[in-house]
Amino acid sequence: MEVSGYKYTDEAEAIEARKECADFYGLPKTPSDETIYWVDYNEATEDSPIFWYIVFDESIQEILGNPTSFIVIDQPIPKK
Amino acid sequence: MGVNINTNKTLGVAAGTGIIAPGVNLLLLDTYTNSAVAYSLRKLSSTYSGSAIRVRRSNDNAEQDIGFVNNELDITSLTSFIGSNDGLVTTIYDQSGNGNNLTQSTAANQGQIASSGSVNTVNSKPCINLSASPVFYQSLSSLSGNSKSFFMTTKNNGADSGFYHNLFIISTSVTVTGNFAQLYSTNATNTLIFNFSTNSLDITTSQAWTSQTLISGIKSATSSSSELFKNGASIGTGSGTQNLQTNLFVNRYSNNYANQQLQELIMFDTDESSNRSGIETNINDFYTIF
């Protein structure tokens, strides 16, 4: 599938991008809150080499910049 | 010690759970005990003292637990908290007593209980809108054993996403299946599938779930069988044996999500065939589905 978002070849970069978004929105708001991230990253496990990506949302454009489009190979339905 | 029964379904003694005070409403889990997980926007157990959900409001990301009033979701507290903003669900608390909450710690992946101050409903009862945007929840290490009975009140809420709606999956992780069991649909108008890693247990139906639907399923290790029900009626059977994983994911497997309006999901680690009808009646008495 075609994804609009932010692609990372190193998981540490995806983790840092996730943190930038959480920090921008002040998450977690209090230590007891469940919400600790604004967006999360995904792992493109079917691709070779594996990469990591964050799906675009308007709310993170100011933080991560303009998104790019790239293809992620879908994980097949289990067994079928 | 007397037994006090009236038409409002109150008892002085609850079967299998010991004594409860006379006049206390008998709730689903008071009668049908030993659930593994129990998520609902109504109160399911008279001994459960926690909240129904934890909600994040969209304007400032503050969170608050929302409980019950008269055994239903406390709408007044919810709308007072969110004002004219959206309400997003961070946690669906487990009412089974096992503490296996469904959680989502990422804001972008949280389902919506209210939009612009208005509580989402199906058939006049509150629901959580889970979308393919994507929204999902997980409860890790919450299940055990190789039998499973589930009771899910839900309704499709929009177009298919990707190539299948994953209503829930019991699996190793959100991307690795192991010995899985899943409920999915490739088209809400004509497919509902109870699906396992063992082919002979699979149940593939042409049933719709485009209106409010009670979907029940039983995978029995003792009778080596599976059966799927829609609104109390059997819609398919399977046979075979298979172990099951312990992690529950609601609304996601890999990049596949469902568009659904969830109101209730209860699971037992046991074959509840003998109680199925009673459980479904309790659910239907509340939601008036069929």
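Q: How many salt bridges does the rule find across the interface of chain A and chain B in this predicted model?
A: The rule finds one.

Q: Why is the meeting of Arg54(B) and Asp33(A) called a salt bridge?
A: The cut-off is 4 Å, from a side-chain nitrogen of Lys or Arg to a carboxyl oxygen of Asp or Glu. The side chains of Arg54(B) and Asp33(A) meet at 3.0 Å, N to O. That is within 4 Å, so the pair counts.

Q: Which kinds of residue make up the side of chain A that touches chain B?
A: Twelve are nonpolar, four polar and seven charged. Across this interface, eleven residue pairs are in polar contact. About 2,100 Å² is buried between the chains, and carbon and sulfur atoms give 51% of that area.

Q: What makes β2(A) and β3(A) a pair?
A: Pairing needs at least two bridges found by DSSP. β2(A) and β3(A) have three, in the antiparallel sense, so they pair. One of the bridges joins Ala44(A) to Phe51(A) in β3(A).

Q: In what order do the four strands of chain A form the open sheet?
A: The order is β2-β3-β1-β4, with antiparallel pairing.

Q: Why is one side of β2 and of β4 in chain A left without a neighbour in the sheet?
A: β2 (42-44) and β4 (68-71) stand at the edges, each with a single partner strand, so one side of each has no neighbour there.

Q: Which strands does helix α1 of chain A touch as it packs on the sheet?
A: Helix α1 (residues 11-24) touches β1 (2-8) and β3 of chain A. Its direction makes about 20° with that of β3(A).

Terms used: Residues numbered from 1 in each chain as written. Chains lettered and ligands numbered in written order. Predicted model: local features only at pLDDT ≥ 70, side-chain atom pairs only at ≥ 80, totals over all residues. Heavy atoms only, no water. Buried area = accessible area lost by both parts, 1.4 Å probe. Polar contact = N/O pair within 3.5 Å; in protein donor to acceptor, adjacent residues only side chain to side chain. Nonpolar A, V, L, I, M, F, W, Y, C, P; charged D, E, K, R; others polar. Helix = DSSP H or I, 4+ residues; strand = E, 2+ residues; numbered from the N terminus. Contact = heavy atoms within 4.5 Å. Axes fitted to C-alpha atoms, helices over the stretch in contact; angles between N-to-C directions.
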